[in-house]
Every structure is written in C-alpha cells, then in structure tokens.
Amino acid sequence: MRSVLWIVVLLAGAVLGVFARDEPLCPVKEAIMVHQEDPYYAQRPFVDGGKTFFGGEIHNYGGKVIDVTSPIFDATTNKPTVIGKLAQMTKEDLPPIIDSAKKAWDHGQGTWPQMSPEARISAIQKVVESLKQRRELIVKVLMWEICKSLDDAQVEFDRTMKFIEAAIAEYRSSDAQEGSWRSVSGIYAKVRRLAIGIILCLGPFNYPFNETYATLIPALLMGNVVIMKIPTVGGLAHMLTMEAYAEHLPPGTLNFVSGSGRVLLSPIMKSGAIDVLAFIGGSKAADELIAAHPNPHRLKVFLQLEGKNIGVVMPDANLDTAAQQIVLGATTYNGQRCTAIKTILVHQSVFSSFLEKFLPKVAALKFGLPWQAGGVQITHLPTPGKVRYLTGLVEDAVQHGATIANDQCEVYGETMLRPTVVVGVNPSMRLWHEEQFGPVIPVAVFNQTTELLQYMRETPYGQQASIFTSADVETGHDVAGDK
C-alpha cells in the first residue's frame, strides 16, 4: 500500500528551561576533536569580524572584540578551536548606525529607494557574483562555526544563490504586471508595490544564509533600507559579505550590528526608526522587541517562531516509508530546523512495529566531524549549553516515567549528543511541551484521532504536522481536522 504524507499548518508559542541532577542519565564519552594531522585543521578559517559596516564604510572596531570558537575542540589544546573574532558593539555605538539608515531611506527619497527596479536588480546581481567568489570560504566557515556537514553547507550557499535568482525573477514579473493600468469594478487603477522603510533583520544561527536572505534580499529589491543584526552564533559567514555590499550598494542601504542582542536590539527598537521587524527566533524575544517600539501599532512584523511539529503514524501507514521519512525529518542537521519533526505520535496498534523499523535507522546515522567522508549526519551542536539543556529534557522525561528506547543517551565531550529516542512521553514532561531543537526524539502513543485533534487545538505553537497514512485524500483531511 502507498503511504501518503499530509502537511497541516497549526497555531503558535513556547517556553524553555533547564533541569539538572547530580548523576546524569547520559554518560559523557570522549569528545570527537580535530587533530593537527587532519588536513582540514590546517585549512581552518579565521575571519576577522572585529569590524563595523555602516554608511557604506568598513572600519576596524575600537571597542571590545571577542574570539569566536567552533564547537569542535582542538585536540592539541583541549579547547574550542578559535576561528575568528567578532565586534561586541554597545548601545553607544548605535546612533550613527541608525542615522546612516535614516539618511539612506530619507523618507523614501534616498538613493536606493529612488533607484529603478532594474538598477536595484543589477546591484544585487553584482553582490551575488562577489559572494560566489567567496563560496569556498563561506562554506568552510559554516562547517566550522555551526557544524554543517560539507554537503549541507554547500547546499545552503547554493540554495541561497538560487533563491536570489528566483526572487529577482518574481520581482521583475510582479513589477511588469503592476505597472500597467487595469479596470477594477469599472474603475481604472494602477497598483504598485513600494518600499516600506527601514527594516531590522534578525537571522538565525542554523541557516544563517538561507533564512536571513529570505527576508533580506526581497527587502532590498523593493527599495527598503536594512539594519541587520549579525547572529552571535553563526555570524562569521556574514562578516565575509560586507565588502560585496560596500562595493555595490549605495551608502547606508545595508548596515551591520554585532554583539549581544539583549544589549543592542531594545535600543534600536526604542529609537522608533524601525518600520519593519523581520525576526526568526523565540516568541518571548519577539514580544519584547515589538513592545519596545514606541509605535507598535504601525510596526510591520514578519515572524518565524518556535514550533513543536508532529509526525503522526496512522494504523494503515507504510511503516518503512514512515520510519525513513521521520528519521530525515527529525535528525537532519541534528534536528536544528524550524520544520523538523519534534514529536512523533504513533497509533497504539503499530507502535511496536514502527519502533522496530525506526530505531535501526536512527542507530545507523553517522556522526563525526562535518567534513568527514561518507556522509556525516550528526555533528557538534554550536549553541553554548545545548547538550546540557537536551540531557535535562531527557532526565526530566525519564523521571516522569518515559524510557530511552535506543539503550542510552550518549554525550561526546561538551558539544555532541547522539540522537536519543524517548518513548512514553506525555504532558507531564517538559519534552512534551518544549521545542528541543536538537537530536532528542520524543515518541508518544495515541488511540483515537480525537486525541490528535485535541493536541492540535491545545498546542500554543504555530507549526506543521506530517501525517503518514495509506488512506485517501478525504480521510487525510478528516485527520487534519479541516472538515
């Protein structure tokens, strides 16, 4: 029988926390480090991000500059490998950056917003050509700083370049259609999309290029001016792009700020200069940023927030297909994706059979250094304290009656955790509610589709669901609850 995958969009919200115990459930094994004899050690990058970029100019930063380290430890020093530096700006550094953006926008009369669409497209295309010349170094930085596998890092860069091409094509098409007169209810009208103003763009660590550029490039194409907050983790790749933007965009069109988000973002919002907030991250931080704006009623907002996406295995599912696809959905890039499957709900009648097929596939996932040959799928986790947080979720679940289905939770050093499958998860556990954003896979059982519908109605998240069934379209819609 064929297996059908249904995608459903649900609702939004979340909370995080850390739980500790004296005797960890997850044993710590020897870290997987990089050794000097590894060819990639000699090729490790070093990016000087101790700079500022605003007003079209790049300068060395005179304030605090920190070392940026990889989550991969150096076997020689037994410390995280240093791969660059990053300026840690303060709120005192912000006024000239904000002024630069305001001057470039000039109430929509600035050079960039007043350029023709084709002129802006030409400038962005020149930026793309400059970025392509740095592809190898950017890919290398993605591997070392956020531990994307070589294949994933290459795909992220190439996919981003293709996205820009597609965005340009769509912009040209919409501009051609909107520039002509047409009759609407007997009235001739011409509709044009115009720039909005100054956009504060905050991208995530996990897809620093692809996700950030999904908001940055359309904003620039339309003639907006942008202040981009460089992510604290995953920011070095962006520092490699400032020369391209400085060369090809008018001064002040794009401006970088780097440092602590808690220090910088509230003052930027309180300035009232921001017209659009483009934010990818947690709902609590998003709420605080919006509230900091003096005129939140006029602030336009684009948000991508946390989710607890479910993978539902129905009684009639093709279990081979379900197991294979859920492994991909739950563990690709260590499960550090907004669209990753965060909880698996399996019908009681096929629960044991599903695990028999699912667990060996999880066990077969190769883990190691990002550049190792043979397709590494599990790598180091770049966010500080992430392993401790994830093992805390596992310990809490076990204390409340769950079990680890694949023997044990294995930690390697401070920054790597092998995928851990936790079964018997229920609402009494943090793992049921919190977005783990890592390689911990909770599995729960259901008996009636009404339980699924209740879960969907009560979840505070905006998310998607993957429903595995061999049923027809109508049955799929019934399960999705859209009838």
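## Confidence

The structure is a predicted model. The protein averages a pLDDT of 91. A score of at least 70 is reached by 93% of the residues.

One stretch needs care. Over residues 1-21, pLDDT stays under 50. For these residues the model has 72 contacts beyond four places in sequence. Where pLDDT is low, the predicted coordinates should not be read in detail.

## The open sheet

Five strands make up an open sheet; the count is 5 and the order is E12-E11-E10-E13-E14. The pairing is parallel. Strand E12 (254-257) and strand E14 (300-304) stand at the edges. Each has a single partner strand, so one side of each is left without a neighbour in the sheet. On average, neighbouring strands of this sheet are turned by 15° against each other, direction ignored.

Look at the E11 and E12 pair. Strand E11 spans residues 225-229 and runs parallel to E12, joined to E12 by 4 bridges. Ile 227 has Asn 255 of E12 as its bridge partner.

## Helices on the sheet

Helix H2 (residues 94-105) packs on the sheet. H2 touches strand E10 (198-202), E11 and E12. The direction of H2 makes about 165° with that of E12.

Helix H11 (residues 283-292) also packs on the sheet. H11 touches E10, strand E13 (276-280) and E14. The direction of H11 makes about 165° with that of E13.

## Helices H12 and H13

Two packed helices are described by the angle between their axes and the distance between the axes. For helix H12 (residues 319-331) and helix H13 (residues 351-363), the axes come within 9 Å and cross at roughly 40°. That angle makes H12 oblique to H13. The crossing is right-handed.

On the H12 side, the contact is made by Leu 319, Asp 320, Ala 322, Ala 323, Gln 324, Ile 326 and Val 327. H13 brings Ser 353, Phe 354, Lys 357, Phe 358, Lys 361 and Val 362. The contact residues divide into 8 nonpolar, 2 polar and 3 charged.

## Helices H4 and H7

The second pair is helix H4 (residues 117-132) with helix H7 (residues 210-221). Their axes come within 9 Å and cross at roughly 145°.

H4 supplies Arg 120, Ile 121, Ile 124 and Leu 131 to the contact. H7 supplies Tyr 213, Leu 220 and Leu 221. The residues of this contact divide into 6 nonpolar, no polar and 1 charged.

How values were computed:
Residues are numbered from 1 along each chain as its sequence is written. This is a predicted model: local features need pLDDT of at least 70, side-chain atom pairs count only at pLDDT 80 or more; totals for chains, interfaces and linings use all residues. Side-chain values use heavy atoms; hydrogens and water are left out. Two strands pair if DSSP finds at least two bridges between them. Helices (H or I, at least four residues) and strands (E, at least two) are DSSP runs, numbered from the N terminus. Axes are lines fitted to C-alpha atoms, for helices over the stretch in contact, and angles run from 0 to 180 degrees between N-to-C directions. Contact means heavy atoms within 4.5 Å. Angles under 35 degrees count as roughly parallel, over 145 as roughly antiparallel, 65 to 115 as roughly perpendicular and the rest as oblique. A crossing is left-handed if the near helix is turned anticlockwise from the far one by less than a right angle, and right-handed if clockwise. Ala, Val, Leu, Ile, Met, Phe, Trp, Tyr, Cys and Pro count as nonpolar, Asp, Glu, Lys and Arg as charged, and the others, Gly among them, as polar. pLDDT is the predictor's confidence in each residue, from 0 to 100.
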